[in-house]
Amino acid sequence: MVANTPTIPLLTPYKMGKFNLSHRIVLAPLTRQRSYDNVPRSHAILYYSQRTTKGGLLIAEATGVSDTAQGYLHAPGIWTKEQVEAWKPIVDAVHAKGGIFFCQIWHVGRVSNTGFQPNGQAPVSSTDKPISAPVEGMEFTPPRRLRTDEIPQIVNDFRIAARNAIEAGFDGVEIHGAHGYLIDQFMKDQVNDRTDQYGGSLENRCRFALEIVEAIVNEIGADKVGIRLSPHVNFMESGDSNPEALGLYMANSLNKYGIAYCHMVEPRMKIGAESTKFSESLLPIRKAFNGTFILAGGYDREDGNRAVEEGRGDLVAYGRLFLANPDLPRRFELDAPLNKYDRETFYTHDPVVGYTDYPFLEDTA
């Protein structure tokens, strides 16, 4: 008789609000750029169902809330009836395998150019400061600063997108408040140079994010809402002079709404091939937040197990490893070798290559 191997921390069950998770390995939201003309396509059915386990949490790729929210070719949206209908069979496939599926909703703000915008207009942001340094394969147009009276419309776009996500069958939404996109552009003092009630103090800079949280909570219920934040990360020239204060302020403010989770990106997040290690820890923010705390940022099996064991996070989101290993929880369980990911095909538009063609363990045996 074979003795049972002890269950690793990542594979222990967890209750996230009303959701009973069978393990703590989360599919991170990953931009894949295969939703032609911003409409999810049938090949996503296979992609997401491949990565679904019974009781596993998946977060869909960043999905635009409006026609001004776009900055990436063939990224999905959820603002039209056609898009909502296109998501339904994808969500159904995840549910058929017992998965729990949240839709990440976003607005890219100034991380865009006139080619993505309706009528070739300038992208909108908290500021009119452009992103100064070029990013490989991306062009940026100087943004237009949103007027104070325009901000409620953007908040409303997020609210409607959340309602649409529930209509499409998603179990909830994750608000993308990280990585230098629109919400982060309001929160971070390196970007936000406003003088109205959305600029200046920490409270003012976080107002936009919290108005979106409140609108969505009122629309679909707090138990269906998560948010992703990256106070320590300076991506797309969105840094902050006091990231820990920002993170703590947001954690404490979010507690008032009782949302399902906060998904926080580590200071050590890897961008491209570079990995930067910081001494800062997310622990103070984790302690301040009352709900489920999801960690992200270059974790491997050992790091993830340790983080759960030490109580630094409840769940761990995996991006590239999950992309390249559709059966990642099984591989972690067996401590099996992992497929190597191919960075060259992360953002190509092929419906198969680098998308649904990574082998399962039994295919490589």
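In the predicted model, the crossing of helices α5 and α6 is right-handed. Helix α5 spans residues 202-220 and helix α6 residues 243-255, and the two pack at an angle of about 40° with their axes 11 Å apart, which means that α5 is oblique to α6. On the side of α5, the residues that take part are Leu202, Glu203, Cys206, Ala209, Leu210 and Val213, and these meet Ala245, Leu246, Tyr249, Met250, Ser253 and Leu254 in α6. Sorted by class, this contact of α5 with α6 comprises ten nonpolar residues, one polar residue and one charged residue.

A second pair of helices is formed by α1 and α2, whose axes come within 8 Å and cross at roughly 25°. Because angles under 35 degrees count as roughly parallel, α1 is described as roughly parallel to α2. The crossing in which α1 passes α2 is right-handed. Ala44, Ile45, Tyr48 and Ser49 of α1 are in contact here with Trp87, Pro89, Ile90, Ala93 and Val94 of α2, and the residues of this contact divide into eight nonpolar, one polar and no charged.

Helix α1, which runs over residues 43-50, has six of its eight residues buried and is therefore largely enclosed by the rest of the structure. The buried residues are His43, Ala44, Tyr47, Tyr48, Ser49 and Gln50. Their cover includes the strands β3 (25-27), β4 (57-59) and β6 (100-106), together with helix α2 (81-96).

Aromatic pairs in the model come to a count of 15. For Phe101 and Phe170, the ring centres lie 4.8 Å apart and the planes stand at 55°, so the pair is tilted. Phe101 is placed in strand β6, whereas Phe170 lies in the loop between α3 (151-167) and β9 (172-177), and the pair therefore ties together parts that are 69 residues apart in sequence. Phe101 and Phe170 are both buried. Another tilted pair is made by Phe186 and Phe208, with 4.3 Å from centre to centre and 35° between the planes. This pair links distant parts of the chain, since Phe186 sits in helix α4 (residues 182-187) and Phe208 in helix α5, 22 residues apart. Phe186 and Phe208 are likewise both buried.

Attention may next be given to backbone angles. Most residues other than glycine have a negative phi. Asp37, however, has a positive phi, near 55°, and is placed in the loop between β3 and α1. With a relative accessibility of 61%, Asp37 counts as exposed. His179, which is not a glycine either, has a positive phi of about 55° and is found in the loop between β9 and α4. In contrast to Asp37, which is exposed, His179 has a relative accessible area of 9% and is buried.

Glu174 lies in strand β9 and, with a relative accessible area of 0%, is buried. Apart from its neighbours within four places in sequence, Glu174 is in contact with Pro29, Ile59, Phe102, Cys103, Gln104, Ile105, Gly226, Ile227, Arg228, Tyr261 and His263. The distance from Glu174 to Glu237, taken from C-alpha to C-alpha, is 23 Å, and 63 residues separate the two in sequence.

His107, in turn, is located in the loop between β6 and β7 (124-125), where a relative accessible area of 1% makes His107 buried. Once neighbours within four places in sequence are set aside, the residues in contact with His107 are Val65, Ser66, Thr68, Ala69, Val124, Ile154, Phe158, Tyr181 and Leu182. Between His107 and Ile175, which stand 68 residues apart along the chain, the C-alpha atoms are separated by 9.5 Å.

Terms used. Residues numbered from 1 in each chain as written. Predicted model: local features only at pLDDT ≥ 70, side-chain atom pairs only at ≥ 80, totals over all residues. Heavy atoms only, no water. Buried < 20%, exposed > 50% of the residue type's maximum accessible area, 1.4 Å probe, protein only. Helix = DSSP H or I, 4+ residues; strand = E, 2+ residues; numbered from the N terminus. Contact = heavy atoms within 4.5 Å. Axes fitted to C-alpha atoms, helices over the stretch in contact; angles between N-to-C directions. Parallel < 35°, antiparallel > 145°, perpendicular 65-115°, else oblique. Left-handed = near helix turned anticlockwise from the far one by under 90°. Nonpolar A, V, L, I, M, F, W, Y, C, P; charged D, E, K, R; others polar. Phe/Tyr/Trp six-rings, centres within 6.5 Å; stacked < 30°, edge-to-face > 60°.
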